Amino acid sequence: MAKNNSQALFLHTNKKNPEMTDKNKNYYLLIGYCVILIIIGLLSEPITILWAGMIRILTSPSNLLTDYIELGTFGSAFVNSGLLTLISVLLAKKEKIPINGPMIAALFTVSGCSFFGKNLYNSIPIIIGGLCYAKIVKKPFSQFIVVSLFGSALSPIISYLTFGISLPLPLSIPLGCFVGIFIGLILPPLASHILTFHQGFSLYNVGFTSGLIAMMFTGILRMFGWKIEGKNLVSTAYHSKLLFFLLFLFFIMFVAGFIINHFSLKGLKDISKTSGKLITDFISIAGIGATMMNMALMGLLLVGYTQVSHSTLNGPIVGAILSAVGFSAFGNHLLNSLPLLVSVFLTAQLSSVFEVNQTTVVLAGIFGTGLAPIAGYYGITFGLIAGFLHMSLVTNVSYLHGGLNLYNNGFSTGFVAAVMVPLLDNILQIRKVKQHARKR
(Lines give C-alpha, C1' and ligand atoms only; values in the text may rest on other atoms or scores of the structure.)
Protein backbone atom coordinates (compact mmCIF):
# COMPACT_ATOMS: atom_id res chain seq x y z
CA MET A 1 0.00 0.00 0.00
CA ALA A 2 2.76 2.43 0.91
CA LYS A 3 4.56 1.63 -2.32
CA ASN A 4 1.45 2.45 -4.32
CA ASN A 5 1.14 5.75 -2.46
CA SER A 6 4.75 6.64 -3.21
CA GLN A 7 4.20 6.06 -6.91
CA ALA A 8 1.01 8.09 -6.83
CA LEU A 9 2.85 11.05 -5.36
CA PHE A 10 4.69 11.50 -8.64
CA LEU A 11 2.01 10.35 -11.07
CA HIS A 12 -0.70 12.40 -9.39
CA THR A 13 0.24 15.55 -11.25
CA ASN A 14 -0.67 13.94 -14.57
CA LYS A 15 -4.20 12.94 -13.64
CA LYS A 16 -6.85 15.13 -15.16
CA ASN A 17 -9.53 15.97 -12.65
CA PRO A 18 -13.10 16.52 -13.82
CA GLU A 19 -13.52 19.05 -11.01
CA MET A 20 -10.95 21.31 -12.70
CA THR A 21 -13.10 22.75 -15.47
CA ASP A 22 -10.81 25.65 -16.27
CA LYS A 23 -7.12 24.85 -15.83
CA ASN A 24 -5.98 28.21 -17.19
CA LYS A 25 -8.14 30.07 -14.68
CA ASN A 26 -6.32 28.31 -11.85
CA TYR A 27 -2.99 29.31 -13.34
CA TYR A 28 -4.10 32.92 -13.61
CA LEU A 29 -4.96 32.89 -9.90
CA LEU A 30 -1.44 31.71 -9.07
CA ILE A 31 0.15 34.19 -11.48
CA GLY A 32 -1.92 36.92 -9.85
CA TYR A 33 -0.54 35.91 -6.45
CA CYS A 34 3.03 36.16 -7.80
CA VAL A 35 2.34 39.57 -9.32
CA ILE A 36 1.01 40.82 -5.96
CA LEU A 37 4.29 39.80 -4.29
CA ILE A 38 6.38 41.51 -6.97
CA ILE A 39 4.33 44.71 -6.90
CA ILE A 40 4.57 44.90 -3.10
CA GLY A 41 8.34 44.55 -3.39
CA LEU A 42 8.72 47.13 -6.17
CA LEU A 43 6.57 49.70 -4.39
CA SER A 44 8.29 49.27 -1.02
CA GLU A 45 11.55 51.09 -1.74
CA PRO A 46 13.70 52.77 -4.42
CA ILE A 47 14.98 50.43 -7.10
CA THR A 48 18.63 51.02 -6.15
CA ILE A 49 18.02 49.88 -2.57
CA LEU A 50 15.97 46.93 -3.80
CA TRP A 51 18.69 45.87 -6.25
CA ALA A 52 21.37 46.02 -3.55
CA GLY A 53 19.18 43.84 -1.37
CA MET A 54 18.73 41.32 -4.18
CA ILE A 55 22.50 41.07 -4.63
CA ARG A 56 22.96 40.35 -0.92
CA ILE A 57 20.26 37.66 -1.11
CA LEU A 58 21.79 36.00 -4.18
CA THR A 59 25.31 35.95 -2.71
CA SER A 60 24.47 34.72 0.79
CA PRO A 61 25.22 31.18 2.08
CA SER A 62 21.49 31.21 3.01
CA ASN A 63 21.51 28.46 5.67
CA LEU A 64 18.93 28.51 8.45
CA LEU A 65 17.83 30.93 9.73
CA THR A 66 18.64 33.65 7.19
CA ASP A 67 15.77 36.11 6.98
CA TYR A 68 15.97 37.71 3.55
CA ILE A 69 14.05 40.72 4.84
CA GLU A 70 16.86 41.40 7.32
CA LEU A 71 19.71 40.31 5.04
CA GLY A 72 18.38 42.11 1.96
CA THR A 73 15.45 44.49 2.26
CA PHE A 74 11.70 44.22 2.71
CA GLY A 75 11.12 44.82 -1.00
CA SER A 76 13.87 42.52 -2.26
CA ALA A 77 12.53 39.61 -0.19
CA PHE A 78 9.06 40.02 -1.74
CA VAL A 79 10.47 40.36 -5.26
CA ASN A 80 12.65 37.28 -4.73
CA SER A 81 9.63 35.26 -3.59
CA GLY A 82 7.40 36.56 -6.38
CA LEU A 83 9.91 35.95 -9.16
CA LEU A 84 10.91 32.45 -8.03
CA THR A 85 7.28 31.43 -7.58
CA LEU A 86 6.34 32.91 -10.94
CA ILE A 87 9.09 30.93 -12.69
CA SER A 88 7.83 27.78 -10.95
CA VAL A 89 4.22 28.47 -12.01
CA LEU A 90 5.22 29.11 -15.62
CA LEU A 91 7.34 25.95 -15.64
CA ALA A 92 4.34 23.92 -14.43
CA LYS A 93 2.15 25.61 -17.04
CA LYS A 94 4.68 24.78 -19.76
CA GLU A 95 4.53 21.13 -18.68
CA LYS A 96 0.70 21.34 -18.90
CA ILE A 97 0.20 20.09 -15.37
CA PRO A 98 -3.30 20.50 -13.91
CA ILE A 99 -3.35 22.59 -10.74
CA ASN A 100 -4.00 20.17 -7.89
CA GLY A 101 -3.20 19.82 -4.21
CA PRO A 102 0.43 18.66 -4.51
CA MET A 103 1.23 21.41 -7.02
CA ILE A 104 -0.27 24.16 -4.86
CA ALA A 105 1.61 22.84 -1.83
CA ALA A 106 4.87 22.87 -3.80
CA LEU A 107 4.34 26.37 -5.23
CA PHE A 108 3.41 27.94 -1.89
CA THR A 109 6.36 26.21 -0.23
CA VAL A 110 8.65 27.72 -2.88
CA SER A 111 7.05 31.09 -2.22
CA GLY A 112 7.31 30.80 1.55
CA CYS A 113 10.86 29.53 1.71
CA SER A 114 11.95 32.26 -0.71
CA PHE A 115 11.69 34.58 2.28
CA PHE A 116 14.43 32.69 4.11
CA GLY A 117 16.70 30.55 1.99
CA LYS A 118 15.62 29.98 -1.61
CA ASN A 119 16.61 32.34 -4.40
CA LEU A 120 16.99 32.41 -8.16
CA TYR A 121 20.60 31.22 -8.05
CA ASN A 122 20.43 28.34 -5.60
CA SER A 123 17.12 26.76 -6.64
CA ILE A 124 17.42 26.38 -10.39
CA PRO A 125 20.24 23.75 -10.42
CA ILE A 126 18.05 21.37 -8.41
CA ILE A 127 15.22 21.75 -10.92
CA ILE A 128 17.71 21.12 -13.74
CA GLY A 129 18.75 17.94 -11.92
CA GLY A 130 15.12 16.80 -11.82
CA LEU A 131 14.85 17.47 -15.54
CA CYS A 132 18.00 15.40 -16.14
CA TYR A 133 16.55 12.55 -14.07
CA ALA A 134 13.41 12.59 -16.22
CA LYS A 135 15.58 12.35 -19.34
CA ILE A 136 17.58 9.45 -17.89
CA VAL A 137 14.53 7.39 -16.98
CA LYS A 138 12.78 8.49 -20.19
CA LYS A 139 9.68 9.81 -18.48
CA PRO A 140 8.02 13.24 -18.73
CA PHE A 141 9.37 15.87 -16.37
CA SER A 142 5.79 16.54 -15.31
CA GLN A 143 5.98 13.39 -13.16
CA PHE A 144 8.85 14.82 -11.12
CA ILE A 145 8.33 18.57 -11.10
CA VAL A 146 6.59 18.58 -7.71
CA VAL A 147 9.52 16.77 -6.09
CA SER A 148 11.99 19.12 -7.80
CA LEU A 149 10.16 22.18 -6.50
CA PHE A 150 10.03 20.76 -2.97
CA GLY A 151 13.66 19.67 -3.35
CA SER A 152 14.84 23.27 -3.46
CA ALA A 153 14.78 22.86 0.32
CA LEU A 154 18.42 21.92 -0.24
CA SER A 155 19.26 25.14 -2.05
CA PRO A 156 21.42 26.40 0.86
CA ILE A 157 23.91 23.64 0.00
CA ILE A 158 24.49 25.33 -3.35
CA SER A 159 24.81 28.80 -1.81
CA TYR A 160 27.06 27.54 0.97
CA LEU A 161 29.43 25.79 -1.44
CA THR A 162 29.50 28.90 -3.63
CA PHE A 163 29.76 31.68 -1.04
CA GLY A 164 30.46 30.04 2.31
CA ILE A 165 33.72 28.07 2.02
CA SER A 166 36.06 30.79 0.71
CA LEU A 167 36.79 29.16 -2.65
CA PRO A 168 37.38 31.45 -5.66
CA LEU A 169 34.14 32.04 -7.56
CA PRO A 170 35.44 30.43 -10.79
CA LEU A 171 35.69 27.21 -8.77
CA SER A 172 32.84 27.59 -6.29
CA ILE A 173 30.10 28.47 -8.81
CA PRO A 174 30.60 25.31 -10.95
CA LEU A 175 30.96 23.25 -7.76
CA GLY A 176 27.72 24.58 -6.29
CA CYS A 177 25.80 24.10 -9.55
CA PHE A 178 27.17 20.59 -10.07
CA VAL A 179 26.17 19.53 -6.55
CA GLY A 180 22.73 21.12 -7.03
CA ILE A 181 22.15 19.16 -10.24
CA PHE A 182 23.31 15.97 -8.51
CA ILE A 183 20.83 16.61 -5.68
CA GLY A 184 18.06 17.09 -8.23
CA LEU A 185 19.02 13.75 -9.79
CA ILE A 186 18.84 11.71 -6.59
CA LEU A 187 15.78 13.30 -4.98
CA PRO A 188 12.97 11.64 -6.99
CA PRO A 189 13.95 8.00 -6.33
CA LEU A 190 14.79 8.73 -2.69
CA ALA A 191 11.57 10.63 -1.97
CA SER A 192 9.50 7.88 -3.56
CA HIS A 193 11.10 5.24 -1.34
CA ILE A 194 11.19 7.25 1.90
CA LEU A 195 7.43 7.82 1.81
CA THR A 196 7.17 4.27 3.15
CA PHE A 197 9.25 5.30 6.20
CA HIS A 198 6.48 7.41 7.75
CA GLN A 199 3.60 5.87 5.75
CA GLY A 200 2.25 9.24 4.64
CA PHE A 201 1.65 10.60 8.15
CA SER A 202 4.15 13.43 7.70
CA LEU A 203 3.00 15.82 4.98
CA TYR A 204 6.58 16.99 4.43
CA ASN A 205 7.90 13.84 2.78
CA VAL A 206 10.51 15.66 0.68
CA GLY A 207 11.51 17.62 3.78
CA PHE A 208 12.52 14.41 5.49
CA THR A 209 14.30 13.19 2.36
CA SER A 210 16.11 16.52 2.08
CA GLY A 211 17.16 16.28 5.72
CA LEU A 212 18.84 12.94 5.11
CA ILE A 213 20.71 14.28 2.06
CA ALA A 214 21.74 17.47 3.87
CA MET A 215 22.92 15.43 6.86
CA MET A 216 25.23 13.42 4.62
CA PHE A 217 26.60 16.51 2.86
CA THR A 218 27.14 18.26 6.20
CA GLY A 219 29.01 15.22 7.56
CA ILE A 220 31.29 15.16 4.51
CA LEU A 221 32.03 18.90 4.74
CA ARG A 222 32.72 18.72 8.48
CA MET A 223 35.02 15.77 7.91
CA PHE A 224 37.22 18.03 5.78
CA GLY A 225 37.30 20.80 8.37
CA TRP A 226 34.55 23.12 7.19
CA LYS A 227 32.57 24.46 10.10
CA ILE A 228 28.85 24.53 9.38
CA GLU A 229 26.56 26.16 11.91
CA GLY A 230 23.05 27.48 11.73
CA LYS A 231 22.29 31.20 11.77
CA ASN A 232 19.74 33.28 13.58
CA LEU A 233 19.35 36.36 11.40
CA VAL A 234 15.75 37.60 11.69
CA SER A 235 14.06 40.95 11.22
CA THR A 236 12.04 42.75 13.87
CA ALA A 237 11.01 46.02 12.20
CA TYR A 238 8.23 44.93 9.84
CA HIS A 239 5.66 43.19 12.03
CA SER A 240 2.76 45.51 11.18
CA LYS A 241 3.45 45.48 7.42
CA LEU A 242 3.71 41.70 7.33
CA LEU A 243 0.57 41.28 9.43
CA PHE A 244 -1.39 43.53 7.05
CA PHE A 245 -0.04 41.60 4.05
CA LEU A 246 -1.11 38.22 5.46
CA LEU A 247 -4.57 39.40 6.52
CA PHE A 248 -5.10 41.03 3.12
CA LEU A 249 -3.92 37.93 1.27
CA PHE A 250 -6.14 35.51 3.20
CA PHE A 251 -9.16 37.80 2.97
CA ILE A 252 -8.76 38.01 -0.81
CA MET A 253 -8.16 34.25 -0.98
CA PHE A 254 -11.34 33.45 0.96
CA VAL A 255 -13.50 35.87 -1.04
CA ALA A 256 -12.13 34.56 -4.36
CA GLY A 257 -12.72 30.96 -3.24
CA PHE A 258 -16.25 31.82 -2.09
CA ILE A 259 -17.05 33.36 -5.49
CA ILE A 260 -15.49 30.47 -7.45
CA ASN A 261 -17.48 28.08 -5.23
CA HIS A 262 -20.71 29.77 -6.43
CA PHE A 263 -21.12 31.82 -3.24
CA SER A 264 -21.29 28.68 -1.13
CA LEU A 265 -19.34 27.06 1.71
CA LYS A 266 -20.04 23.67 0.21
CA GLY A 267 -17.02 21.38 0.31
CA LEU A 268 -15.45 22.67 3.53
CA LYS A 269 -17.24 19.97 5.51
CA ASP A 270 -15.95 17.29 3.14
CA ILE A 271 -12.41 18.60 3.61
CA SER A 272 -12.74 18.60 7.40
CA LYS A 273 -13.79 14.93 7.38
CA THR A 274 -10.49 13.77 5.87
CA SER A 275 -7.51 12.63 7.95
CA GLY A 276 -5.10 14.48 5.66
CA LYS A 277 -2.83 11.48 5.24
CA LEU A 278 -0.78 11.49 2.03
CA ILE A 279 -2.11 11.54 -0.60
CA THR A 280 -5.21 13.70 0.09
CA ASP A 281 -5.90 16.22 -2.66
CA PHE A 282 -8.56 18.66 -1.49
CA ILE A 283 -9.11 20.01 -5.02
CA SER A 284 -10.20 16.56 -6.21
CA ILE A 285 -12.36 16.17 -3.10
CA ALA A 286 -14.06 19.57 -2.92
CA GLY A 287 -12.93 21.72 -5.86
CA ILE A 288 -10.68 24.76 -6.15
CA GLY A 289 -13.13 27.17 -4.49
CA ALA A 290 -13.55 25.22 -1.27
CA THR A 291 -9.81 24.50 -1.23
CA MET A 292 -9.01 28.21 -1.44
CA MET A 293 -11.37 28.91 1.45
CA ASN A 294 -9.73 26.16 3.49
CA MET A 295 -6.31 27.66 2.71
CA ALA A 296 -7.51 31.08 3.82
CA LEU A 297 -8.99 29.73 7.05
CA MET A 298 -5.76 27.89 7.83
CA GLY A 299 -3.81 31.06 7.13
CA LEU A 300 -5.97 33.03 9.54
CA LEU A 301 -5.57 30.29 12.17
CA LEU A 302 -1.78 30.43 11.84
CA VAL A 303 -1.72 34.23 11.97
CA GLY A 304 -3.86 33.99 15.08
CA TYR A 305 -1.36 31.54 16.56
CA THR A 306 1.47 34.04 16.07
CA GLN A 307 -0.57 36.74 17.78
CA VAL A 308 -1.48 34.54 20.74
CA SER A 309 2.22 33.68 21.02
CA HIS A 310 3.09 37.41 20.98
CA SER A 311 5.73 36.74 18.35
CA THR A 312 7.14 39.31 15.94
CA LEU A 313 6.43 38.48 12.33
CA ASN A 314 9.54 38.11 10.16
CA GLY A 315 10.63 36.39 6.94
CA PRO A 316 10.84 32.82 8.31
CA ILE A 317 7.49 33.03 10.12
CA VAL A 318 5.72 34.50 7.07
CA GLY A 319 7.40 31.84 4.93
CA ALA A 320 6.25 29.09 7.28
CA ILE A 321 2.66 30.37 7.19
CA LEU A 322 2.63 30.49 3.39
CA SER A 323 4.08 26.98 3.20
CA ALA A 324 1.50 25.55 5.60
CA VAL A 325 -1.25 27.36 3.71
CA GLY A 326 -0.05 25.60 0.56
CA PHE A 327 -0.39 22.27 2.33
CA SER A 328 -3.95 23.26 3.18
CA ALA A 329 -4.69 22.09 -0.36
CA PHE A 330 -2.96 18.81 0.40
CA GLY A 331 -3.72 17.62 3.93
CA ASN A 332 -4.08 20.43 6.46
CA HIS A 333 -7.41 21.71 7.72
CA LEU A 334 -8.54 23.37 10.95
CA LEU A 335 -9.62 20.22 12.77
CA ASN A 336 -6.48 18.13 12.21
CA SER A 337 -4.03 21.03 12.56
CA LEU A 338 -5.26 22.75 15.72
CA PRO A 339 -4.17 19.94 18.11
CA LEU A 340 -0.57 20.28 16.88
CA LEU A 341 -0.56 24.04 17.41
CA VAL A 342 -2.03 23.68 20.89
CA SER A 343 0.47 20.98 21.81
CA VAL A 344 3.55 22.94 20.68
CA PHE A 345 2.25 26.06 22.43
CA LEU A 346 1.66 24.25 25.74
CA THR A 347 4.97 22.39 25.50
CA ALA A 348 6.84 25.67 25.05
CA GLN A 349 4.94 27.17 27.98
CA LEU A 350 5.90 24.30 30.26
CA SER A 351 9.50 24.13 29.07
CA SER A 352 12.32 25.80 30.98
CA VAL A 353 14.33 26.15 27.77
CA PHE A 354 11.94 27.66 25.21
CA GLU A 355 10.02 30.92 25.06
CA VAL A 356 6.70 30.64 23.27
CA ASN A 357 7.37 33.78 21.21
CA GLN A 358 10.78 32.62 19.92
CA THR A 359 10.95 32.39 16.15
CA THR A 360 12.15 28.78 16.28
CA VAL A 361 9.26 27.81 18.58
CA VAL A 362 6.68 29.59 16.41
CA LEU A 363 8.10 27.82 13.37
CA ALA A 364 7.84 24.50 15.22
CA GLY A 365 4.15 25.16 15.83
CA ILE A 366 3.35 26.22 12.28
CA PHE A 367 5.39 23.51 10.55
CA GLY A 368 4.37 21.00 13.21
CA THR A 369 1.01 20.91 11.42
CA GLY A 370 2.83 18.61 8.99
CA LEU A 371 1.86 15.92 11.52
CA ALA A 372 -1.84 16.80 11.19
CA PRO A 373 -2.64 13.38 9.62
CA ILE A 374 -1.84 11.74 12.96
CA ALA A 375 -4.48 13.85 14.70
CA GLY A 376 -6.88 13.34 11.80
CA TYR A 377 -6.45 9.57 11.65
CA TYR A 378 -5.72 8.48 15.23
CA GLY A 379 -7.47 11.25 17.16
CA ILE A 380 -6.79 14.48 19.03
CA THR A 381 -4.98 12.84 21.96
CA PHE A 382 -2.31 11.35 19.74
CA GLY A 383 -2.11 14.62 17.82
CA LEU A 384 -1.21 16.36 21.08
CA ILE A 385 1.46 13.74 21.77
CA ALA A 386 2.84 14.19 18.25
CA GLY A 387 3.16 17.95 18.81
CA PHE A 388 4.99 17.37 22.10
CA LEU A 389 7.46 14.97 20.48
CA HIS A 390 8.01 17.30 17.55
CA MET A 391 8.80 20.22 19.86
CA SER A 392 11.31 18.09 21.76
CA LEU A 393 13.05 16.89 18.60
CA VAL A 394 13.03 19.76 16.10
CA THR A 395 15.60 21.97 17.80
CA ASN A 396 18.06 19.06 18.05
CA VAL A 397 18.00 17.68 14.51
CA SER A 398 19.13 21.01 13.03
CA TYR A 399 22.72 20.28 14.07
CA LEU A 400 22.74 17.19 11.85
CA HIS A 401 22.38 19.27 8.70
CA GLY A 402 23.82 22.58 9.90
CA GLY A 403 20.90 24.55 8.51
CA LEU A 404 21.52 23.32 4.94
CA ASN A 405 18.00 21.84 4.83
CA LEU A 406 15.34 24.56 4.88
CA TYR A 407 12.70 22.00 5.88
CA ASN A 408 14.18 21.30 9.30
CA ASN A 409 10.70 20.79 10.72
CA GLY A 410 9.91 18.37 7.91
CA PHE A 411 12.98 16.38 8.92
CA SER A 412 11.70 16.23 12.49
CA THR A 413 8.10 15.35 11.60
CA GLY A 414 9.34 12.42 9.51
CA PHE A 415 11.08 10.93 12.55
CA VAL A 416 8.08 11.54 14.83
CA ALA A 417 5.66 9.90 12.39
CA ALA A 418 8.02 6.97 11.80
CA VAL A 419 8.16 6.29 15.55
CA MET A 420 4.51 6.89 16.40
CA VAL A 421 2.66 5.26 13.51
CA PRO A 422 3.85 1.63 14.01
CA LEU A 423 3.10 1.90 17.72
CA LEU A 424 -0.34 3.41 17.13
CA ASP A 425 -1.16 0.77 14.53
CA ASN A 426 -0.17 -1.87 17.05
CA ILE A 427 -2.38 -0.32 19.72
CA LEU A 428 -5.32 -0.22 17.32
CA GLN A 429 -4.73 -3.84 16.37
CA ILE A 430 -4.69 -4.92 20.03
CA ARG A 431 -7.94 -3.03 20.63
CA LYS A 432 -9.59 -4.73 17.66
CA VAL A 433 -8.53 -8.15 18.92
CA LYS A 434 -9.95 -7.41 22.39
CA GLN A 435 -13.21 -6.09 20.96
CA HIS A 436 -13.53 -9.16 18.76
CA ALA A 437 -12.89 -11.43 21.77
CA ARG A 438 -15.59 -9.67 23.79
CA LYS A 439 -18.14 -10.10 21.02
CA ARG A 440 -17.41 -13.81 20.94
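Trainee: How much space lies in the largest pocket?

Mentor: The largest pocket holds about 420 Å³ of space, and of the 24 residues lining this pocket the closest to its centre are Leu64, Leu65, Thr360, Ser398 and Asn408. A pocket here is an open set of points on a 1 Å grid over the protein atoms alone, where a 1.4 Å probe fits, with protein on both sides within 12 Å along at least five of seven lines, and lining residues have an atom within 4 Å of a point. This is a predicted model, in which local features need pLDDT of at least 70 and side-chain atom pairs count only at pLDDT 80 or more, while totals for chains, interfaces and linings use all residues. Residues are numbered from 1 along each chain, and side-chain values use heavy atoms, with hydrogens and water left out.

Trainee: Which helix gives the largest share of that lining?

Mentor: Helix 19 does, with six residues; helices are DSSP runs (H or I, at least four residues) numbered from the N terminus.

Trainee: Changing topic, where is the kink in helix 10?

Mentor: The kink, of about 35°, lies at Leu187, shortly before Pro188, where the bend is the angle between axes fitted to the seven residues ending there and the seven starting there. Just after helix 10, Gln199 takes a positive phi of about 60°.

Trainee: And how many disulfides are there?

Mentor: The count is zero, a disulfide being a pair of cysteine sulfur atoms within 2.5 Å.

Methods
Points joined across faces, edges and corners; volume = space filled by probe spheres on them. Helix = DSSP H or I, 4+ residues; strand = E, 2+ residues; numbered from the N terminus.
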